[in-house]
Amino acid sequence: MQKQDNIVEQCAYIHVHEDIVQQVNQEIPDEEMLYDLADFFKVFADSTRIKILYVLLCSEMCVCDLAQILNMTQSAISHQLRTLKQMDLVKNRREGKTIFYSLADEHIKSILSQGMEHINE
């Protein structure tokens with residue numbers, strides 16, 4: 001018996017639904033925005049960055065605290081924070097000589113929460 005997993009679904013009758021195609025073409029973002037969106041989601045593909053985001057979901061922290069909780073070097077944490085900051089997922093504030101990191105906004109909390117809801121279904 002042959003497995004059907006590799007079969008790609010195709011239309012049995014070729015007919016383009018012009019009204020639907022036109023409507024979607026008007027609504028779909030341009031290529032540059034879709035590229036930026038793909039880059040945004042790539043950041044979430046790294047488990048270390050996800051761990052950092054989840055820790056920051058609980059509390060604002062400095063690099064030393066993050067390194068302690070995640071059992072990583074400060075250098076490794078700083079490297080990941082740089083990426084997260086470049087993508088506007090985290091922000092920082094200085095208090096004396098210490099820099100504290102936190103999630104950039106409520107959107108990030110929502111993305112993390114919705115992701116967890118999805119995988120727990």
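Read along the sequence, the chain of this predicted model follows the order α-α-α-β-α-α-β-β-α, which amounts to 6 helices and 3 strands; helices (H or I, at least four residues) and strands (E, at least two) are DSSP runs, numbered from the N terminus. Residues are numbered from 1 along each chain as its sequence is written, and side-chain values use heavy atoms, with hydrogens and water left out. In this predicted model, local features need pLDDT of at least 70 and side-chain atom pairs count only at pLDDT 80 or more, whereas totals for chains, interfaces and linings use all residues.

The radius of gyration of the chain is 21 Å, whereas a compact globule of 121 residues would have a value near 14 Å; the radius is taken over C-alpha atoms, and the globule rule is 2.2 Å times the number of residues to the power 0.38. Along its principal axes, the C-alpha trace spans about 70 × 45 × 25 Å. Of the 121 residues, 23% are buried, where buried means under 20% relative accessible area, exposed over 50%, and partly exposed in between (1.4 Å probe, protein chains only). The chain exposes about 9,700 Å², of which carbon and sulfur atoms supply 53%, the areas coming from the Shrake-Rupley method with a 1.4 Å probe. Among contacts (heavy atoms within 4.5 Å) between residues at least 6 apart in sequence, 49% join residues at least 24 apart.

The charged side chains comprise 11 positive and 19 negative ones, and the centres of the two sets lie 17 Å apart. In this count Lys and Arg are positive and Asp and Glu negative, while His and the chain ends are not counted; each charge is placed at NZ of Lys, CZ of Arg, CG of Asp or CD of Glu.

Leaving aside residues up to four places away in sequence, Leu-56 touches Met-61, Leu-66, Leu-81, Val-90, Tyr-101, Ser-102 and Leu-103. Ile-108 and Glu-27 are 81 residues apart in sequence, and their C-alpha atoms are 24 Å apart in space.

Asp-36, by contrast, lies in helix 2 and is classed as partly exposed because its relative accessible area is 42%. Although Asp-36 and Met-87 are 51 residues apart in sequence, the C-alpha to C-alpha distance between them is 9.8 Å.

Most residues other than glycine have a negative phi. Asn-71, however, has a positive phi of about 55 degrees although it is not a glycine; Asn-71 sits in the loop between helix 4 and helix 5 and is exposed, because its relative accessible area is 71%. Asp-88 likewise has a positive phi, near 60 degrees, and is found in the loop between helix 5 and strand 2 (90-95), where Asp-88 counts as exposed because its relative accessible area is 56%.
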